Amino acid sequence: MSWSAIGLHLLALLVYPGVLLILIVGFLAEGAAGLALGRDGMRAAVSGPAVQIRNATAGSWPLLLAAALLTALAATQLAVPANPLAPLERNLLVAAFSLAATIWLCWARAWSASGARASLVVQACWLVALLSPALLSETLRPQVLGAVAVPAQLPLKAMSGLLYLVCLPVLLLLAGDIPGPHLAAPRILLWMPFCGLGVSVFLPPAADDVGGSLRFVGATLCLALVTIAVAALLRQPLAAGLRPLYLRLASVLAGLVLVVAVVTAALTSAI
Amino acid sequence: MALATLLLPPALLVVAAALSWAAGLARPPVGRQVVAAAAWLALAALAGAWLAAARGSSEFAPGLTTGVIPVRLRVDAVTVLFQVAVLLPAALLLTFQRRSSSEATRAALATAAALGCLDGGSLLWTAIGLGVCTSLLLIHLYREEPRVSTQFWVVQTVAWLLLVWTAVLLESAGGTSVYGAIPVTALRLPAFAVMTVAALLCSGLLPWRSWVSEAWTRRRLEAGTLAIALIVPLGLYPLVRAYGMGAGQWPSIQTNVVVAAVGTAVALGAAVRAQGAATRRRYLAEAVPLASGLALLALGLGTPLGLVAALTAILALSIVAGLAPLVPPGRGAVAVVAIAVAAGAPPAVVFAGWLLAIQAAVEAGIITAFFGLVGAAAWLLGLAAAARAIWLPDTSSGDGPGAGRGYVGSLVASAAAITAGVALTAVVGLLAIPAAAEVMPTSAVHPQSGGVSQAAILGAGSMGVSTASGGWSAVLLAGPLVLIALITVTAAHLARRRAARISVLEEVPASNVAPPQPPPEPFFAPPLATIPHDAARRLRALRLPEQYRSLFRPALMERAAVWGGPWLWAAATVALTIAVTR
Amino acid sequence: MALTIAVLTAPALSSLLPVRDLVRLPAPSRVLLIASAGAVLLTVGMVPRPVARWDLFAGGLGAVGAMAVLVAVTDPLAVALLLILTGFCCAVRPGSRPMAVRARGPAFAALLLGVGWGLHGMSGSLGRAAALSLALSLVAVGGLMPYLQDVDADEPASSSYLLWTGFFAPALALTLSLRVLPALTADQATIFGGTLVGLGLLNLGWGAVGAWRTSCDADAWRHSFLADWGLVLVGLGLFQPEGFAAAYLALLSIVMVRLPLYVLARPGSLRGEPAARGTLSIVVAVVLAGAAPFAGFPVRLLLLQAATRVAWPLAVLLLAGMVLWIAHSLRLARTVGSPRGRAALGLWLTIGISLALGLFPGALRAAGGL
Amino acid sequence: MTAAAAVAGASLAWLGAALLVLSDERRGLALGLAILAVGLAVATTAAGQDRLADAALAVGGACAAALQFARGGRGWGLMPPGSTPRLIGSVVVLIVTVLVAGTGLQDAAGVSRLGALVVAIMATGRLLTVRRRWAALGAGSALVLGLGALGSTPTLLLAATVAVGLNLVDVAAPEEVAA
């Protein structure tokens, strides 16, 4: 075991694409969410995340620590350019279950029956969106999945991407029945891994340089903004009728993705 | 040295049982401590002897005959792996559960019998050992609570009878049931089917509630959870050996698909029941079925990675079996960590085992890949159920049964799981891969995959696992994560102690949040849950027409047979005579 | 007892007396005879107070002597005659049922044996009927289905028909099958074996279900003997070395384990005492269920081996019977209760014997020349 | 000639067995026992068995009959009211046995065996239907004699001994309370 390897992995966990990048993206996204969804104005939106982190550190720091470590673990698996973690060491499942564990750790801190139920349904749909392309490509490496451009699999990839996007608002605790302010601080840690994972799996990998890194972070932030927009749409009074249908829509879409996956698998294996 | 690997662990436990019995007569009763020490010593002796020896497979035939078969012992990587899988949870439970000296004696004897069962070099010996172990556990269960666990007794009897029959079928087809000598052609579909049914019943691997969950409904948990820790791995053992009998293959690829499907169904069923549990104990009762279902899914894949994943998942399952009964009541950090570890949260070995299982399923083919997706869904549901379980009332808290479950046992078990998760490559490289290579020789089934090889599964420098579909850098990612967590927790602990506050272990994260009243309702009502109950009710409601009922009343038929006396004798004789002379 | 010793030393005696061909004791019968004598001593030693110990001892010794003669005589026709005499001598003992009723079973068995042996030399349908009659005589002598006897719970054990089922019949059935089989043609042997297997399965099912479902504990014990005999008959009828060994071991366990346990349980079940719930109950239940490592295990294994070799569906039926078996074992075990003093010693001795039968059946098979 | 003697003996044996079945008193039973013993002895002699053994069978049967006769009352109890079914049964047994075992009727040995079978079956039928001890012992003696007649010299001797022994049991044992 070489020290350089340890150093690189620590760098990945704590700095890039780990805790530091998570916090930067999280603060930006959380600020944008505060502006778009909150009613407290610019100042509160900018200072809000810091306040939430401070309160959480004083209140339930073990939860925050666990969430930070798990999300950092998930972030290391992303296909972010110049990731110190070698491509061979990455794994979609590690990211997926680290994030799932983080979310349920949050629910262990504060519980609401309807919120937890919605979260479970959406996570199941998200898992379908994440794994369906992987099943057909028989690989779980995010960068490989992002690079897949087999014509036969593109419809599945597109539908999975759409499903992923539909799931994000609930996964990021922006929509649904959220039990109080307890989960605001951990949410800051979720933006980068969730949006970055979507970018890794559904968009072609960027070049392995600074420009590529910026492009990746930019794409991640864009996805975060789209998610905020969807969440804002769901919170509109006009979309009141849409909210109850949201879970059904996600479930139906997940069902469709599965059907397309089965059909594609049957076709590709038949050919 | 190889013989020592075989005989030392059970011998230590038998001696400890004798000492514990003697200690029960004397004062103070230190039987439990003696047995616990012996269990850890046996584990150390097993590991030491195995690592010190050449780690090859060797057989011993002393020329003795016990029961109806010649004594034949075998030590190889599979034996050692399963002995670790039996000894580790047994040692945890014998150490941290409350037992009287006589209970400790019976528990030690049952553990020794389980080890003896694994020492056997033939399937017949395994069946005999399983029967002995089951008998001892039955006595232990009954002594603890004079209520016969009918399901356990019936299921285990059926299982071992079927296993005996499998051995008989193998002997009639191949002339022997000795693992090292069974001809490849001997394991045909009928024998394998019987063996699989035996294994599934023995390990409680059923999509519905099996004896494993039922053992958690007892007032005291000590005997039932020990039975789970000992019997569940023993049930899976013949299925692993079956690969060896078929030179790395099961009789047909369809059998692999069916077993993998059953494993998926078992895992999903357990997760569904777990999310609907009314108490935390009910939730914990489903932890082992979930783990064993995912292990069976991997075992059914029939690929080298699948087998390695299955063996790793079996080790993980054994830790879950040892950890679940030790989860302390309340919602403190220790309880949360223990529940999270058992539910497969990273970076513990449970997580790693399940990760490898799903990965292997994805790599094995498109059908099994979809099984993998269902398995992953079960895993996710299990995590959700774990979060809900933290809010559930713990029936065993306070002065109730299982009271006094301390934090130490849970901490030790969780630490063991996390350490094994960090040292995953050592676990896989020293136990799982050699065991898989033992039953799936390189030259045999998958020449294209090069059989079971370290290079195909472990990454460069053995810092993590790296397979065709993905990697997991256990040492370099999990290690630092755990280290950072430990440093932070210790620092906070010290800071809080300085601030003269109570231990961090006994409060946060959730203690300052009142549990919801009433306890959280299930995510969804388990589908088909009422079917067995309804079917039983319908069966009970079935009524024969009055005039035919006497035909199904043994007492009435008995009376007729007895009081019919000579006339019945004469009639039967005449009828049989006519039958044979026609 | 002197008679028994004389019979056991028959090879030496028969060379001195002019009965060289009339008296011969096969090795398995010798072992069973010794086991029966041991069972008498064990039973007398452990029997609880209410039972007259010396009466039982005297009756037991007489029975062992009679059994010694029955198994030593080589001519089945002579055995049939002696069977009638033994049956009437046993029936003379005081009992709640009339002597004529109690003598019916052995007399009917003797008729079947005599007629079967008398006609076995005939060809065609008469020869087949003779084979059937010989097989039925083995069933009748044990009072098994369909030749069930009424067992009066209040009747002393020494007058009850279970004396035949659990004591006389084992050695007699084994010896008779050894004597009869060599004289049968292939066609007759098929009928003999088929009848034994068929009635064996019937008794296994009937005994297992009956012992489980019946309301009376004494009846449950009687049925459990039937279930044991079911295994014996199947083993004898398969004509496989493993099958015969299984039957031999099952008979030994009937004589040395089930019978003593029955005698121990009898007073309690007669008085309708509440079932015991001690640890001993579950140990006895495991013994009675035939679980490893006790006496029932090698029997089951050998029987499955023989059945699988002959026809695997037979093994499935046997497995079903063996599973049904466990339903009644705990119920019977509870009737044994938690004895004290010499009864407890006897009980532990019986459990030890069962363990020995389970662990060292090879030695017993060797002693029986099987 | 021997065949005729065998037929006569077998017929006599059946007659004796029928008397045994049809009598409800010791005297009648003793008469039947004696007749069937003599009949069986005649038949086995005709079948070529050892004459000494045949004589022993007859003597054994006679002794058994004598023991029964000595303990009997005044009446013979032959064919009492209600014995018609037993009468029909005796005839039916004869016919059925001849039909079933008739294939062995070509020589004296076959006829003798048929006679013995008829006696054994009728005696067992009687034994299975009575509840009185003396009647059971008488039927048992007849069964012993019938079965003995199926065998060779040692069996004939043993049958004679056992037949007497059975009736000695009746003498030795205390009288049974009528059930």
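Guide: Start with the interface of chain A and chain B in this predicted model. The two chains bury about 4,600 Å² between them. Carbon and sulfur atoms make up 79% of that area.

Visitor: Why is this called buried area?

Guide: The term stands for accessible area that two parts lose on being put together, summed over both. For chain A and chain B that loss is about 4,600 Å², so this is the value given as buried.

Visitor: How many residues of chain A and chain B are in contact?

Guide: Chain A brings 56 residues and chain B brings 57. Each counts because contact means heavy atoms within 4.5 Å. Of the 4 pairs of chains in contact, chains A and B share the most contacts.

Visitor: How do you know that chain A and chain C do not touch?

Guide: Their nearest C-alpha atoms lie 41 Å apart. Chain D does not touch chain A either, with 73 Å between the nearest C-alpha atoms.

Visitor: What makes the pair E521(B) and R117(A) a salt bridge?

Guide: The distance from N to O is 3.1 Å. The cut-off is 4 Å between a side-chain nitrogen of Lys or Arg and a carboxyl oxygen of Asp or Glu, so the pair qualifies. The count between chain A and chain B is 1 salt bridge. The interface also has 13 residue pairs in polar contact, with both residues at pLDDT 80 or more.

Visitor: Which elements of chain A give two or more residues to the side that touches chain B?

Guide: They are helix 1 (3-14), helix 4 (61-76), helix 5 (92-109), helix 6 (113-137) and helix 11 (243-270). By class, that side of chain A has 40 nonpolar, 10 polar and 6 charged residues.

Visitor: How many helices and strands does chain A have?

Guide: Chain A has 11 helices and 0 strands.

Visitor: Why does the radius of gyration of chain A agree with a compact globule?

Guide: A compact globule of 271 residues would have a radius near 18 Å. Chain A has 18 Å, so the two agree. Its C-alpha atoms fill a box of roughly 55 × 55 × 30 Å along the principal axes.

Visitor: What share of chain A counts as buried?

Guide: The share is 58% of the 271 residues.

Visitor: What part of the contacts in chain A joins residues 24 or more positions apart?

Guide: Such residues account for 75% of the contacts with a separation of 6 or more.

Technical notes: Residues are numbered from 1 along each chain as its sequence is written. Chains are lettered from A and ligands numbered from 1 in the order in which they are written. This is a predicted model: local features need pLDDT of at least 70, side-chain atom pairs count only at pLDDT 80 or more; totals for chains, interfaces and linings use all residues. Side-chain values use heavy atoms; hydrogens and water are left out. Buried area is the accessible area (1.4 Å probe) that two parts lose on being put together, summed over both. A polar contact is a pair of N or O atoms within 3.5 Å; within protein, one must be able to donate a hydrogen and the other to accept it, and residues adjacent in sequence count only if both atoms are side-chain atoms. Helices (H or I, at least four residues) and strands (E, at least two) are DSSP runs, numbered from the N terminus. Ala, Val, Leu, Ile, Met, Phe, Trp, Tyr, Cys and Pro count as nonpolar, Asp, Glu, Lys and Arg as charged, and the others, Gly among them, as polar. The radius of gyration is taken over C-alpha atoms; the globule rule is 2.2 Å times the number of residues to the power 0.38. Buried means under 20% relative accessible area, exposed over 50%, partly exposed in between (1.4 Å probe, protein chains only).
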